Amino acid sequence: MEGPARMAQDRSMWNEEQCWEALERRDRNADGQFYVGVLSTGIYCRPSCTSRRALRKNVRFYATPQEAESAGLRACLRCRPLETQSDPAARIQELCRHVEAHPDDPHDLADLAARAGLSRFHLQRSFKAAVGLTPKQYVEACRVRKLKQSLRTSQDVAEAVYDAGFGSSSRVYERADTRLGMTPNQYRRGGRGVAITYATAESPVGLMMIGATDRGLCFVQFGDSEDALLGALRKEYPAAGIAPMGTPHPVEFRNWIAALTNHLAGNQPRLELPLDIQATAFQMRVWNYLQSIPYGEVQSYGEVAAGIGQPSATRAVARACASNTVAIAIPCHRVIRGTGELGGYRWGLARKRTLIDLERAKRGVCFSLPR
Ligand SMILES: [Zn+2]
């Protein structure tokens, strides 16, 4: 297609010169107004795309992605011009970046919806589907993350609480109780004031230690001895009150262990256990996503990154997997390298392979991973 693009008649007309100027500014407001094709690469983009700028003689403008496609161009993988047109995922992704950058803004639902160009209802629903949290929970998760960062450096808890956008310390204590698992003071002091009880159980991949607060599991890990496992638990929560579970174990705890063992034996594909763990907003998204990978299946770090809407965050996804403190309950063993290699596992590759093979055998999948 040659010459200036035909622009939609129902909005203000953009001539070629205006398109070019908007492109030079990488003007986000121009996104959706026109699309930019580069003849030398065969790719078309949104005006705000951050990929390298083309020579003007190779650039053509199109009113719609369809026009660009019919000129033989392919959608850019970086700015995903098709998604922004129809799929709210990219808008939600941008919204997440915005909230992360400004955790202390009020971010009420109406503002967020307007920013994403979606109705409040639509935003609420698609946000939850894409991120695993409601927008409100996400805003809080970002604040909690900022709070955790400032708690590590700040002398003054109250100040850090206000600084993270919570407004009043009673509110953060109330929220943090469910979101952090521990209150800010407890978190700052490595779990001081938190009572954790633990027990061990045999599993197909060796000794398993399960630690819990009265709200849920905070530790599920494998090791070679109870001493080593207890060491790992103490390292995770250095100031918590840690004690062996009394016998008989409380009924909830017995149920949690039974669920974990049934799951490991392949008799309970879906596992839903209350967790009492600490997470950054990013970890929370990764971990929520991991819980959606079905029993017996694996995905690559790249697929998980794409799945949470951050395709370039592969390494950060791998780090989030490696920092999981509750094995199996958050099935980080189901994530492997795109090449089919196992990647890493906090509790050793042999255990990871056994877990994957076990799940596949139960699912009747009869191929195995390269060794
Ligand atoms: Zn692009």
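This is a predicted model: local features need pLDDT of at least 70, side-chain atom pairs count only at pLDDT 80 or more; totals for chains, interfaces and linings use all residues.
**View 1. Ile328 sits in the loop between α15 (314-322) and β10 (335-336).** Phi of Ile328 is near 70°, a positive value in a residue that is not glycine. That is worth a second look because most residues other than glycine have a negative phi. Is Ile328 buried or exposed? With a relative accessibility of 2%, Ile328 counts as buried.

View 2. Look for His107 in the loop that runs between α4 (89-101) and α5 (109-116). Its relative accessibility is 10%, so His107 counts as buried, the cut-off being under 20%.

**View 3. Four cysteines hold the zinc ion.** Which atoms are the protein donors here? They are the SG atoms of Cys45, Cys49, Cys76 and Cys79, lying 2.2 to 2.4 Å from the zinc ion. The angles among these four donor atoms run from 105 to 122°, and the site is tetrahedral. For comparison, the ideal angle for four tetrahedral donors is 109.5 degrees. Along the sequence, the donor residues follow the spacing C-x3-C-x26-C-x2-C. Cys49 belongs to the loop between β2 (43-45) and β3 (59-62), while Cys79 belongs to the loop between β4 (74-75) and α3 (81-86), so this pair ties together parts that are 30 residues apart in sequence. Cys49 and Cys79 are both buried.

**View 4. Strand β5 (residues 195-203) pairs with β8 and with β6.** Begin with strand β8 (residues 241-244), which runs parallel to β5 and is joined to it by four bridges. In this pairing, Ile196 stands opposite Ile242 of β8. Now turn to strand β6 (residues 206-212), which pairs with β5 in the antiparallel sense over seven bridges. Here Ala201 has Met208 in β6 as its bridge partner. How many residues lie between β5 and β6 in their hairpin? There are two.

**View 5. Gln221 is a buried residue of strand β7 (residues 217-223).** The relative accessible area of Gln221 is 4%. Its side chain makes a polar contact with the side chain of Trp347, at 3.0 Å. Leaving aside residues up to four places away in sequence, Gln221 touches a set of neighbours that includes Leu207, Met208, Leu229, Glu236, Asn324, Arg346 and Trp347. You have already met one of them, Met208, as the bridge partner of Ala201. From Gln221 to Gly206 is 15 residues in sequence and 9.9 Å in space, C-alpha to C-alpha.

**View 6. The largest nonpolar core brings together 63 residues.** As background, nonpolar side chains tend to be buried together in soluble globular proteins. Which members touch the most other members of this core? They are Leu123, Tyr138, Phe222, Leu260, Val286, Leu290 and Val317. Helix α13 (residues 281-290) gives the core its largest share, seven residues.

**View 7. A closer look at Leu290 shows its contacts with residues including Val304 and Cys321.** Leu290 also touches Ile330, Pro331, Cys332 and Val335, again not counting residues up to four places away in sequence. Elsewhere there is a second, separate core of 13 residues, with Cys218, Phe219, Leu230 and Ala240 among them.

How values were computed: Residues are numbered from 1 along each chain as its sequence is written. Side-chain values use heavy atoms; hydrogens and water are left out. Buried means under 20% relative accessible area, exposed over 50%, partly exposed in between (1.4 Å probe, protein chains only). Contact means heavy atoms within 4.5 Å. A polar contact is a pair of N or O atoms within 3.5 Å; within protein, one must be able to donate a hydrogen and the other to accept it, and residues adjacent in sequence count only if both atoms are side-chain atoms. Donors are N, O and S atoms within 2.8 Å of the metal (3.2 Å for Na, K and Ca); water is not among the atoms, so sites may look incomplete. Four donors count as tetrahedral if all angles lie between 85 and 135 degrees; four count as square planar and six as octahedral if opposite donors are over 155 degrees apart and all others between 65 and 115; anything else is irregular. Two strands pair if DSSP finds at least two bridges between them. A nonpolar core is a set of buried Ala, Val, Leu, Ile, Met, Phe, Trp, Tyr and Cys residues joined through side-chain atoms within 4.5 Å.
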